[in-house]
Amino acid sequence: MPIFRNLTKRAQEDELMDDFSTGGEELIEALKHLRRLNKIFAAPGPTRYGIEKLWNDIGRPESLTILDVGAGSGDVNRKLLQWADDKGIHLNITLVDLTEEACEEARSLFQNEPRIQVKQADIRQIPEAFADIVTGSQFVHHFDGEELIDIVSHMLKASRYGVVINDIHRHAVSYTAVWITTRIISRNRYIRHDGPLSVAKGFTGADWKDLKRKLNHDSMTYAWKPLFRYAVVIPHKRT
């Protein structure tokens, strides 16, 4: 993955993690290193922001269920558990991922946390209104075109109140920072290849505006958050 690349348009290449025929110990190692990257780049912040925004909008209920799709290890949800403790919210989170490696890592990470359940599944297999809020952190940049619309639509169907998306801002600063950091902290090929590529496949404000138009969803909002991320909130349309 080159250190300099044209970021005018979203990259189209597949990430190595998109190839489900590979995996094993190398992928498990990558998930561990990804947790370090998430900590360095303050990954949980936009998800927490979006959840709290929707929670306030629906009347600050005392209990809340969340479905995190494409969750990987699910480590960004640690901050949500802390937030729920601070607010006195009875919170339950279901982590969903397609790969057994990610599910194993999530089960290990949260083995002593009864508020977390792990499920190996595709979002397209999840029943309608499965959870109050559906989240996706660094998930939707894996999709483009009609597939992106389809995935976000399935996320909306699986939620009762709305969707929170946390994804990276496609920008030269974030790309360079991730390129350098992945090479400092890891020799894993998934991390070194997919880390910078995920930024190149990320979004700008114009991309979110286009998604809002294609979804025909006027109440969708997107806000830039540190460090070079977007918090996207898509409430259910009021009838």
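Reader: What makes the radius of gyration of the protein agree with that of a compact globule?

Author: The radius of gyration, taken over C-alpha atoms, is set against a globule rule of 2.2 Å times the number of residues to the power 0.38. For 239 residues a compact globule would come out near 18 Å, and because the protein has 17 Å, the two agree. Along the principal axes, the C-alpha atoms fill a box of roughly 45 × 40 × 30 Å. This is a predicted model, in which local features need pLDDT of at least 70 and side-chain atom pairs count only at pLDDT 80 or more, while totals for chains, interfaces and linings use all residues. Residues are numbered from 1 along each chain as its sequence is written, and side-chain values use heavy atoms, with hydrogens and water left out.

Reader: How do you know how many helices and strands the protein has?

Author: Helices (H or I, at least four residues) and strands (E, at least two) are DSSP runs, numbered from the N terminus. Counted in this way, the protein has 8 helices and 7 strands.

Reader: Why is Ala129 called partly exposed?

Author: A residue is buried under 20% relative accessible area, exposed over 50%, and partly exposed in between, with a 1.4 Å probe and protein chains only. Ala129 has 33% relative accessibility, and therefore counts as partly exposed. Ala129 sits in the loop between β3 (116–120) and β4.

Reader: Which residues are in contact with Ala129, leaving aside its neighbours within four places in sequence?

Author: Contact means heavy atoms within 4.5 Å, and with those neighbours set aside Ala129 is in contact with Lys157, Ala158, Ser159 and Arg160. Ala129 and Tyr161, 32 residues apart in sequence, are 8.5 Å apart from C-alpha to C-alpha.

Reader: What makes a set of residues a nonpolar core, and which residues have the most contacts inside the largest one?

Author: A nonpolar core is a set of buried Ala, Val, Leu, Ile, Met, Phe, Trp, Tyr and Cys residues joined through side-chain atoms within 4.5 Å. The largest has 28 residues, and those with the most contacts inside it are Leu67, Ile123, Val140, Met155, Ile165, Trp208 and Ile234. At least two residues each come from β1 (63–69), β4 (131–137), α5 (145–157), β5 (159–168), α8 (205–215) and β7 (229–235), and α5 supplies the largest share, 6 residues. Apart from this core lies another, of 20 residues, among them Leu64, Trp83, Leu95 and Phe110.

Reader: Which residues of helix α4 (residues 100–109) are buried, and what covers them?

Author: The buried residues of α4 are Glu101, Ala102, Cys103, Glu105 and Ala106. Their cover includes α1 (25–40), β2 (90–97) and β3. Over the protein, buried residues make up 51% of the 239 residues.
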